[in-house]
Amino acid sequence: MARTFAIGDIHGHTSKLRKLLGKLRERAEPGDSIVFVGDYIDRGPDSRGVIDIVLELRQGKWEGPVVSLKGNHEVLMIDSLSRKPLMEEDWLRNGGWDTMSSYTSGAPNRRWTAFVPPSHLEFLEGLQNWHEDEHALYVHAGIPPGVPVAEAREEDLLWIREPFLESDYQWEKVVVFGHTPQYDKPAGLVIDLDKMPWRPLDRPEKIGIDTGAAYGGPLSAVMLPEREFFSAR
């Protein structure tokens, strides 16, 4: 049976992604899948480079299927590309300046859309809201309890938090998701994010693999069906 490597929110960190992919390749066999759960962009230094890496994997640098899901940050970028002023301002407040700068060689420019390659536009337009294989259901943020994933609204799949996180509802398969950074509860007040006890969430019904890469934490992945975790700082 082929395995699946699901990778959490990257947020523009190419160095973490390259290190993590190196670890996954040590365990992968031809035919194994990669599933990205979204949020390739924003907050990190090289959003453009992350998308380039994912496209390279899809074009043959990974010997198996590569599935790319949509995250809420991609929605904000897509809306900005569509010239929706209110959404663009929301995007810029949430890391969009970093993404914009990665396309304009470090100088934020309101004409940044002219620098986005056609292949990146096609990538963004083709992102899936969810994916299913023999091991799990994969989404960016979660699924409303009791709702089949195929019937869930895009808004919930990409933005939901507490109703999903606080539920122990059992879907037909484990749900693998990102969006909400996961960590062990600190013993005291933690001010330095580099010292946060980032750790994937591993519960019978759900696996959370956003471990704060955007905030100084590692980029994490899970290998299924074994539920073995990998991370790279």
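Biologist: How do strand E9 and E10 pair, parallel or antiparallel?

Modeller: Strand E9 (residues 219–224) pairs with E10 in the antiparallel sense, over 5 bridges. Keep in mind that this is a predicted model.

Biologist: Which residue in E10 is the bridge partner of Ala221?

Modeller: Phe230 in E10 is the bridge partner of Ala221.

Biologist: What sheet do they belong to, and in what order do the strands run?

Modeller: An open sheet of 5 strands, in the order E3-E2-E1-E9-E10. The pairing is mixed. Strand E3 (66–68) and strand E10 (228–232) are the edges, and each pairs on one side only. From one strand to the next, the twist averages 20°.

Biologist: Which strands does helix H1 lie across?

Modeller: Helix H1 (residues 14–27) lies across strand E1 (4–7), strand E2 (33–36), E9 and E10. Against E10, H1 runs at about 145°.

Biologist: Switching to E5. Which strands does E5 pair with, and in what sense?

Modeller: E4 and E5 run antiparallel, joined by 3 bridges. E5 and E6 run parallel, also with 3 bridges.

Biologist: How many residues does the hairpin between E4 and E5 have?

Modeller: The hairpin joins E4 to E5 through 3 residues. Trp130 has Val139 in E5 as its bridge partner. On the E6 side, Tyr138 stands opposite Val176.

Biologist: Which way do the E5 residues point, and are they buried or exposed?

Modeller: Strand E5 covers residues 136–139. Ala136 and Tyr138 point one way, Leu137 and Val139 the other way. All are buried.

Biologist: What about helix H3, how many residues are buried?

Modeller: In helix H3 (residues 72–81), 8 of its 10 residues are buried, so the helix is mostly covered. The buried set includes His73, Glu74, Leu76 and Asp79.

Biologist: What happens just after H3?

Modeller: Arg83 takes a positive phi there, about 65°.

Biologist: On to charges. How many salt bridges does the count give?

Modeller: The count comes to 13 salt bridges.

Biologist: Which parts of the chain does the Glu132 and Lys173 pair tie together?

Modeller: The two side chains meet at 3.0 Å, N to O. Glu132 lies in strand E4 (residues 130–132), while Lys173 lies in the loop between helix H7 (162–165) and strand E6 (174–177), so the pair ties together parts that are 41 residues apart in sequence. Glu132 is partly exposed at 37%, and Lys173 is partly exposed at 24%.

Biologist: Where do Arg93 and Asp90 lie?

Modeller: Both lie in helix H4 (residues 85–103), 3 residues apart, about one turn of the helix.

Biologist: How far apart are the closest N and O atoms of Lys61 and Glu56?

Modeller: They are 4.0 Å apart, and the pair forms a salt bridge. Lys61 is exposed, with a relative accessible area of 54%. Glu56 is partly exposed at 30%.

Biologist: Last one. Which residues are linked in a network of salt bridges?

Modeller: Arg3, Asp32 and Glu226 are linked in such a network.

Key:
Residues are numbered from 1 along each chain as its sequence is written. This is a predicted model: local features need pLDDT of at least 70, side-chain atom pairs count only at pLDDT 80 or more; totals for chains, interfaces and linings use all residues. Side-chain values use heavy atoms; hydrogens and water are left out. Buried means under 20% relative accessible area, exposed over 50%, partly exposed in between (1.4 Å probe, protein chains only). Helices (H or I, at least four residues) and strands (E, at least two) are DSSP runs, numbered from the N terminus. Two strands pair if DSSP finds at least two bridges between them. Axes are lines fitted to C-alpha atoms, for helices over the stretch in contact, and angles run from 0 to 180 degrees between N-to-C directions. Contact means heavy atoms within 4.5 Å.
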